Amino acid sequence: MGANTSQVSDLSDNPSLKALVGTESISENDPFWNQLISFTFISPTSSGDSKLLEEAVIPLAKTLIENNPRTGNFSALVRIFLGRTKELKISTECQDQLFIWQAHNALFMIRCLLKVFIREMSEEELHLQFSYQERAPGFRGETGSEDLLEELLSNLVHLIVEVPLLDITYSILFEAVTTLLVFFSYQLFHKDILRDGIIYQHIMKGRCLCLTSRLVKTLLYNFIRQEKCPPATHIFEPKAEGGLLYGLASGVASGLWSVFTLGGAGSKAGVDQEHNPLPLSNQSLLLLLVLANLTDGPDWPNPYRQAITCFRNTQDTSSLPVEQPHTFQINFNSLYTALCEQQRSDQATLLLYTLLHQNANMRTYMLSRTDMDNLVLPILEILYHVEERNSHHVYMALIILLILTEDDAFNRSIHEVVLKNISWYTERSLTEISLGSLLILVVIRTIQFNMTRTRDKYLHTNCLAALANMSAQFRCLHQYAAQRIISLFALLSKKHNKVLEQATQSLRGRQGDNTALPDYAQDLNVIEEVIRMMLEIINSCLCNSLHHNPNLVYALLYKRELFEQFRTHPSFQDIMQNLDTVIGFFSQRLEQAGSDLSVERVQEVIMKGAQALPKNRLKASRSEPESSLCHHQCHMNI
C-alpha cells in the first residue's frame, strides 16, 4: 500500500507505510495521507496470496501498536476515512470515483490493521489505540472526549444503509461489511460470551441502535440481489474529462474480497475468486447471521434478532395489534427465490433455518407456496451428498425438514408434486417420482449412511422423526420408496440380531470373569428404539392411508418373514398387532386368488383388499409425538 506499491513483497519496504507505522506523528493536514490512500496495490485473488498479504501486514501492524501511543497515526488514519465518509453519498450521486476510491483504500488499510490488532490485544487496549492522538514532544497519553471507535462503528453502519449499491460503490460497501465482521471476530478468541465488551455495547445499545431495522433490511437485500463484483476497469474507469485516477492498476478491486474474510467463512481453503463471485452478498449474509446470534443483554433483547423475527411482506397491508420494535417490510417473493437458489452454502441454509424457526410471517409464506419443490430439492440434495458436507450443514438441512414436516398441509402437498429425471440422484434412475417419495428415499439413505459411517444417534433419530411426521399423510408411495422403507427395517433387524449374538457369546465366554463387559445392553436399546420408530412409521401409514399405498403393502408382504421375530418380542408386541392384521388379511386374500400370481395380479388383489379392510380393525398410530422430542434434541446437538 502507498502510492507506488504494486505487490506484497513491496509492503515492508514501502516508504509511506514505514512512515505510517514509524515513530513520527503525521498531521491530518499533511499531504502524506492523500498519497497513502492513493495506492495501486493489486490485491490477491487466491487464499494463498491472501495469506502472504496477511503475513506481510503483521510486522507492520505490530510496529504500529508500539508507536501509535506516541504518534496517534492510527487515529489519524481513521479520521481521514471518517472525513471522506461524510461526503460519500454526495460523491456517489456525482459519480466522484476518485473520492470513493480513496475512501475505500483507507478503509481497506484500517481493516487489515484491525485484524492484527484484534488478535494481539484486548478490547480495552484496542479502544486505547483509537484514543491516541498527535502529541507535543514529551507528552504521552490520550486526549479528547470523542469515542473514535464508536464513531467508526456508527459510520460503517451509516455507510452500509445509506450508500446505494452501484458498480462504483460495490467495493467500499464490501469493505464496510467485512470490517464490521472483523470487529466481531473478538469472540473467536474468547470462550465466554463478550456481553460486556465495548464493541458489543456500541452495536447493541449505542448510536447504531436506531439503524437496526435499516441495517438488517439492507443486508437481506444485499443477499437477495446476489450482485457479482463488477470488473475493476468498470468500477474505476477514467472520468469523462480524461483524467486518470492516480494510475490505478486494473486489479485494484477485482480481488479485494478474498483478503481477510475471516478465514473464508463458508468455503473451503484454497477456493479462488471464480468460485466466490458474490462477495458482498456472502459477507452481508455472514454479518446478518452474526448480528442475529448475538446474545441478549441482561436487561435488553437483541434488537437485530427482533428485526429478523418480526419483519413482514411488502404485500402485507394489515395493521399490527401491538407495534413490534425494529419491524420492517421486505419482498418475500424475492427473499424466497434467493433462499432457493443459494442453499449450496451452509450460511444460506442457516438463514433459512432461522427464518423458518423464528419468523412466523416468513414460515407461513413459505408453507403457502405452490412451488415448495424449489426449496425442498436443494435441501434434499444437501442430505444426499452427506459425505461431502460438514456435519453442521447436514444437521441444519435436517432440522429444516423437521420444521416443514410438522405441517400437515406440507406433508399432503409434497405427494402431489411430480418430479422427473432427478439428475443428482444416481443410485437409481427416477424418471418420475413424487417429491414426497423422493424425500423418503433421501432421508432413508441418510440413515443408512449414518449407521455405517458416523453413527450419530441424534442424526438417525431425527431422520426417523421427519418420516414419523410425514407417515400419516403418505400417499401413492413410489415402488422404490416402499422397498427402501422395508429394506431399512431389514438392515436394522440384521444389526439387532448381530448385536444380540455378540452379547450372548460374550456372556458365555466370560463366565466367572469379573472384568467389565462391552455395553451391549446400551447398543441393543438404541437399535430397538430405532426399530420401534420404524414400526410406528409403517403402522401410522397403514392406519391412516393404507388404501393410498398399495406399493408399501406389497413390499410388506414380500418381506413378511422379517417381522416374525418381533411378534413375540416384549418391546414390540403392541405395535406389531396392526402389522399382523394387515399381513394376515392380505395373505389370506392372495391365497384365495390362487398360486403363481403375476406382479400385476398381486397389486390388483392388494388394491381391492385395501378397500375391503375395515378401518376399525387397525388401532390408532402412536408415532406422532416422537417428532417434537427429536426436533429439540437435534437443535441442542447443533
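The following legends describe close-up views of a predicted model.

In this predicted model, local features need pLDDT of at least 70 and side-chain atom pairs count only at pLDDT 80 or more, while totals for chains, interfaces and linings use all residues. Residues are numbered from 1 along each chain as its sequence is written, and side-chain values use heavy atoms, with hydrogens and water left out.

**Figure 1. Overview of the fold.** The protein holds 29 helices and four strands; helices (H or I, at least four residues) and strands (E, at least two) are DSSP runs, numbered from the N terminus. Of its 638 residues, 54% count as buried. Here buried means under 20% relative accessible area, exposed over 50%, and partly exposed in between (1.4 Å probe, protein chains only). Among the contacts with a separation of 6 or more, 74% come from residues 24 or more positions apart, contact meaning heavy atoms within 4.5 Å.

Figure 2. Helix H11 spans residues 212-225. Its 14 residues reach 20 Å from the first C-alpha to the last, close to the 20 Å expected at 1.5 Å a residue; the expected span is 1.5 Å times one less than the number of residues. The helix is mostly covered, with ten of the 14 residues buried. Among them are Leu215, Val216, Leu219, Leu220, Phe223 and Ile224, and the polar residues Thr212, Ser213, Thr218 and Asn222 are also buried. Arg225, also in H11, is partly exposed, with a relative accessible area of 40%. The C-alpha atoms of Arg225 and Ala338 are separated by 7.9 Å, although the two residues lie 113 residues apart along the chain. H11 is followed by Gln226, whose phi is positive, near 50°.

**Figure 3. The largest nonpolar core around Phe563.** A nonpolar core is a set of buried Ala, Val, Leu, Ile, Met, Phe, Trp, Tyr and Cys residues joined through side-chain atoms within 4.5 Å. The largest such core has 204 residues, of which Leu438 and Phe563 touch the most other members. Helix H6 (residues 97-120) gives the most to this core, with 13 residues. Not counting residues up to four places away in sequence, Phe563 touches Ile486, Phe489, Leu535, Ile538, Leu556, Met576, Leu579 and Ile583.

**Figure 4. The aromatic pair Tyr200 and Trp300.** The structure holds 16 aromatic pairs. Rings of Phe, Tyr and Trp (its six-membered ring) pair if their centres lie within 6.5 Å; planes under 30 degrees apart count as stacked, over 60 as edge-to-face and the rest as tilted. The rings of Tyr200 and Trp300 have centres 6.5 Å apart and planes at 40°, so this pair is tilted. The pair links distant parts of the chain, 100 residues apart: Tyr200 belongs to helix H10 (residues 198-205), whereas Trp300 lies in the loop between helix H13 (279-292) and helix H14 (303-310). Both Tyr200 and Trp300 are buried.

**Figure 5. An aromatic cluster and the surroundings of Arg312.** One aromatic cluster is formed by Phe311, Phe328, Phe332, Tyr336 and Tyr365. Arg312 lies in strand E1 (residues 312-313) and counts as buried, at 12% relative accessibility. A polar atom of the Arg312 side chain lies 2.7 Å from the backbone oxygen of Ser318. Leaving aside neighbours within four places in sequence, Arg312 is in contact with Ser318, Leu320, Phe328, Gln329, Ile330, Phe332 and Asn361; Phe328 and Phe332 are members of the aromatic cluster.

**Figure 6. Arginine charges over aromatic rings.** A charge sits over a ring if NZ of Lys or CZ of Arg is within 6 Å of the ring centre and within 35 degrees of the ring normal. The charged end of Arg84 sits over the ring of Phe99, 6.0 Å from its centre. For Arg445, the charged end sits over the ring of Tyr384, 4.1 Å from the ring centre.

Figure 7. Asn421 has a phi near 50°, a positive value in a residue other than glycine. Asn421 is placed in the loop between strand E3 (418-419) and strand E4 (433-434) and counts as exposed, at 55% relative accessibility. The phi of Asp596, which is likewise not a glycine, is positive and near 50°. Asp596 occupies the loop between helix H27 (573-593) and helix H28 (599-612), and is exposed, with a relative accessible area of 78%.

Conventions: A polar contact is a pair of N or O atoms within 3.5 Å; within protein, one must be able to donate a hydrogen and the other to accept it, and residues adjacent in sequence count only if both atoms are side-chain atoms.
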